[in-house]
Amino acid sequence: MLVGPSIWHLAAILTICYAWGNVQDIVHRKSKKTPPTPKNGRAVQVKMGFYLESLGNFRETQMSFDVDLYLYMSWQDPSLNHSGPGYVMVNDDRVRSELWLPDLYFANARSAHFHHVTVPNFNLFIAPDGTIAYSSRVTLNVACNLDLINYPMDRQNCYIRALSYAYIAKMVNITWFQKNPLLYNPEIGLPEFGITAIEPGYCNGTYRYAIMENSQKIDQFSCLTANILLARSIGYNIVQSYIPTGLIVIISWVSFWIDRRAVPARVTLSFTTLVSLTTLGHLKTILWPISL
């Protein structure tokens, strides 16, 4: 009766040891955090994609919004090839710290952080040929310059810009996945905006780096943008602004039917109308928004 379970337990232990042996072998062979060297001598090709999990908290006064996303990257490192039958999974943060990762940063993010509850939110898979699939969860507060000239019938283009911090395009070239680079949660609902499209784009350009007092370098950097196209929901503003303001104005017309000799009544009604409009403007900043 004990033979069956013992065999299964032994097989599981051997599988774990074999996988861990592959991981240790990979780490020993790749102990320095240096970019991989492709066989063709060209730049490291890093493919990237996003999945937007949540989006919101648009603030006109601060010109910013919050986004919670999953970051996906893939590149090939020939020094990490192995003889395993399939992908080797790495979810130990100590092992990850020994490997080279693309030094991406979000150029227009005011603040950003990775998630560590209950463990660091990432996974890394290494294929036998050294191709790496890496994903991590990131939360950003992103700056977005809102153009309010057509408010409340305006359309906005907020974008997330990502590029390498140190490596020029000749060393690390970043591009989008060819298929479905940008996906988002269909349950995302914004009270003020509707998402019309989320499109990938490029912002490759010439930037200065290695800046010193009397010298600097200039070169090409590869840059990606995730463009979030938004259209303002007119129903939100009708309920929050136009209907209450219109009712207050209509009530103020009652003063035309009040006897012109009743000065206190006419003055009180006008004063009450001004106070109501002022209070309405203040309540808009503290009341919960509604979805239409």
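Two rings of Phe, Tyr or Trp, the six-membered ring being taken for Trp, are counted as an aromatic pair if their centres lie within 6.5 Å. The structure described here, a predicted model, holds 11 such aromatic pairs. One of these is the pair of tryptophan 75 and tryptophan 100, which is edge-to-face, with 6.0 Å from centre to centre and 85° between the planes. Tryptophan 75 belongs to strand S2 (residues 64-76), while tryptophan 100 is in the loop between helix H2 (93-96) and strand S4 (104-106); the pair thus links distant parts of the chain, 25 residues apart. Both tryptophan 75 and tryptophan 100 are buried.

Another pair is made by tyrosine 105 and tyrosine 165. The ring centres of these tyrosines are 4.9 Å apart and the planes stand at 70°, so the pair is edge-to-face, because planes over 60 degrees apart are counted in that class. Tyrosine 105 lies in strand S4 and tyrosine 165 in the loop between S8 and strand S9 (172-176), so the pair ties together parts of the chain 60 residues apart in sequence. Tyrosine 105 has a relative accessible area of 30% and is therefore partly exposed. Tyrosine 165, at 62% relative accessibility, counts as exposed.

Phe50, Phe106 and Trp176 form one aromatic cluster. The ring of phenylalanine 122 has the charged end of arginine 96 over it, 3.9 Å from the ring centre.

Serine 164 is part of strand S8. Its relative accessibility is 2%, so serine 164 counts as buried, because the limit for that class is under 20%. The side chain of serine 164 is joined to the side chain of aspartate 103 by a polar contact of 2.7 Å. The serine 164 side chain also reaches the backbone nitrogen of tyrosine 167, at 3.1 Å. When neighbours within four places in sequence are left aside, the residues in contact with serine 164 are Asp103, Leu104, Tyr105, Ile174, Phe221 and Ser222. Tyr105 in this list is the residue that pairs with tyrosine 165.

Arginine 155 also lies in strand S8, which covers residues 155-164. Arginine 155 and leucine 229 are 74 residues apart in sequence, and their C-alpha atoms are 7.4 Å apart in space. With neighbours within four places in sequence left aside, arginine 155 is in contact with Thr196, Leu230 and Ala231.

Several features concern the backbone. Most residues other than glycine have a negative phi, and most peptide bonds are trans. The peptide bond from valine 117 to threonine 118 is cis, with omega near -5°. Threonine 118 is located in the loop between strand S5 (109-114) and strand S6 (122-126). A cis peptide bond also runs from tyrosine 151 to proline 152, where omega is near 5°. Proline 152 is in the loop between S7 and S8.

Asparagine 57, although not a glycine, has a phi of about 60°. This asparagine 57 lies in strand S1 (residues 44-59), and its relative accessibility of 44% makes asparagine 57 partly exposed. For methionine 63, also a residue other than glycine, phi is near 55°. Methionine 63 is placed in the loop between S1 and S2 and, at 23% relative accessibility, counts as partly exposed.

An unreviewed UniProt entry places the feature "transmembrane region" at residues 239-258. In the model, this span is 70% helix and 0% strand, and its end C-alpha atoms lie 30 Å apart.

The average pLDDT of the protein is 82, and 84% of the residues score at least 70. Confidence is highest in strand S7 (residues 131-143), at a mean of 96, and lowest in helix H1 (residues 3-29), at a mean of 48.

Note on methods:
Residues are numbered from 1 along each chain as its sequence is written. This is a predicted model: local features need pLDDT of at least 70, side-chain atom pairs count only at pLDDT 80 or more; totals for chains, interfaces and linings use all residues. Side-chain values use heavy atoms; hydrogens and water are left out. UniProt positions are given in the numbering used here, feature names are shortened, and annotations may be inferred rather than shown by experiment. Helices (H or I, at least four residues) and strands (E, at least two) are DSSP runs, numbered from the N terminus. Contact means heavy atoms within 4.5 Å. pLDDT is the predictor's confidence in each residue, from 0 to 100. Rings of Phe, Tyr and Trp (its six-membered ring) pair if their centres lie within 6.5 Å; planes under 30 degrees apart count as stacked, over 60 as edge-to-face and the rest as tilted. Buried means under 20% relative accessible area, exposed over 50%, partly exposed in between (1.4 Å probe, protein chains only). A charge sits over a ring if NZ of Lys or CZ of Arg is within 6 Å of the ring centre and within 35 degrees of the ring normal. A polar contact is a pair of N or O atoms within 3.5 Å; within protein, one must be able to donate a hydrogen and the other to accept it, and residues adjacent in sequence count only if both atoms are side-chain atoms.
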